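Colleague: Thanks for sitting down with me. Could you take me through the model and tell me what stands behind the words you use?
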Amino acid sequence: MRAFIVKKLKERKMATTATAPCSTSAASCTAPRPDLPRSSAHTQRQCAVFNTLSAELRLLIYHAALADSRRLLHFLHVTPYKGEPRPMGHWRCEDRDSPYPIWQHRCFGCWAEDNTRWHRKASHTNSDLISLLLTCRLIYSEAVEVLYAENHFSFRGARGVVKFQNLIAPPSWHALRYVHISTTFLTPMKHWKRGSLPPENYDHWESGCHALSGLRRLQLLSIDMIVWDQLNHENTDAIEHQSLIYIFGALKAIRARTFQIELNIKLPDQVKNSLGPVPFEILYHERPYDRETFPL
Ligand SMILES: [Zn+2]
């Protein structure tokens, strides 16, 4: 795998060097702006990173700086404010020991402490991943795939998935290999087609699943999910079957080498029969719910 990536990096570097724009080209001379030392800036020959380090060593540096397979990389700080999520951001997980659903991690920027509900701006981050990519065009072209292919991206509900897809370039989206989604549904579904998590919006869910079905390199899709009847959280028999069929039916088009769903209930046989063969495995696990921070 590494040899393949190194080969691709070398090919990309050769292509980038070969097609680097020349400051004397006709196109670049048409704009009325001062001359810039473009030739020295674009070839990168004076940079020790490219002159002295092999592509393989540079790749190791990119991995060390951008990737961490042990900690989730949370995206989309959906901290609803006046009905709308705040801007996109990223936060490397610092709440791995939390017993609550992952979407309730304080990593997403919302938590309760001393009877006060705290919010952190989405623009704040504990993991400055973008700076390295913005160093220069050559580093970006070499390293950007490491960022998207080697991290475990964590989304707060399906809306996070859709927002993320709309934000990044298609090649980056299709580079994703490890995806985690955390969400909570209330049933019956007809009452929950507005707003955003909590609880999950059924329309967002369908859109998010459709987006994920287009990923062809997905190695892992992991979902932690709670499903309750809106009036009686304790009574699993009260959960509307049609809602369950909708939720899990939307996932059937997604393909991942490992596809696991952690669920707080056991699916009724009638629902299983309606779904037919499915590409995922359901693991029963009931997480506590942080009602102080996220009242329903
Ligand atoms: Zn976290």
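Colleague: At what angle do helix H8 and helix H10 pack, and how far apart are their axes?

Modeller: Happy to start there. This is a predicted model, where local features need pLDDT of at least 70, side-chain atom pairs count only at pLDDT 80 or more, and totals for chains, interfaces and linings use all residues. Residues are numbered from 1 along each chain as its sequence is written. Helix H8 (residues 157-167) and helix H10 (residues 202-213) pack at about 50°, with their axes 8 Å apart. Axes are lines fitted to C-alpha atoms, for helices over the stretch in contact, and angles run from 0 to 180 degrees between N-to-C directions.

Colleague: Why are H8 and H10 called oblique to each other?

Modeller: Angles under 35 degrees count as roughly parallel, over 145 as roughly antiparallel, 65 to 115 as roughly perpendicular and the rest as oblique. The angle is about 50°, so H8 and H10 are oblique to each other. H8 passes H10 in a left-handed crossing, a term for the near helix being turned anticlockwise from the far one by less than a right angle.

Colleague: Which residues make the contact?

Modeller: H8 brings Gly157, Ala158, Arg159, Val161, Val162 and Gln165, while H10 brings His204, Trp205, Ser207, Gly208, Ala211 and Leu212. Contact here means C-beta atoms, placed from the backbone, within 7 Å. These residues divide into 6 nonpolar, 5 polar and 1 charged. Nonpolar covers Ala, Val, Leu, Ile, Met, Phe, Trp, Tyr, Cys and Pro; charged covers Asp, Glu, Lys and Arg; the others, Gly among them, are polar.

Colleague: What makes aspartate 114 count as exposed or buried?

Modeller: A residue is buried if 20 or more other C-beta atoms lie within 10 Å of its own, exposed if 12 or fewer, and partly exposed in between. Aspartate 114 has 5 C-beta neighbours inside 10 Å, so aspartate 114 counts as exposed. Asparagine 115 has 6 such neighbours and therefore counts as exposed too.

Colleague: Where is aspartate 114, and what is its phi?

Modeller: Aspartate 114 sits in the loop between strand E3 (110-113) and strand E4 (116-119), and its phi is near 55°, a positive value in a residue other than glycine. Asparagine 115 is in the loop between E3 and E4, with a positive phi of about 60° although not a glycine. Strands (E, at least two residues) and helices (H or I, at least four) are DSSP runs, numbered from the N terminus.

Colleague: What joins threonine 187 and proline 188?

Modeller: A cis peptide bond, with omega about 5°. Proline 188 lies in the loop between strand E6 (178-187) and H10.

Terms used. Two residues are in contact if their C-beta atoms, placed from the backbone, lie within 7 Å.
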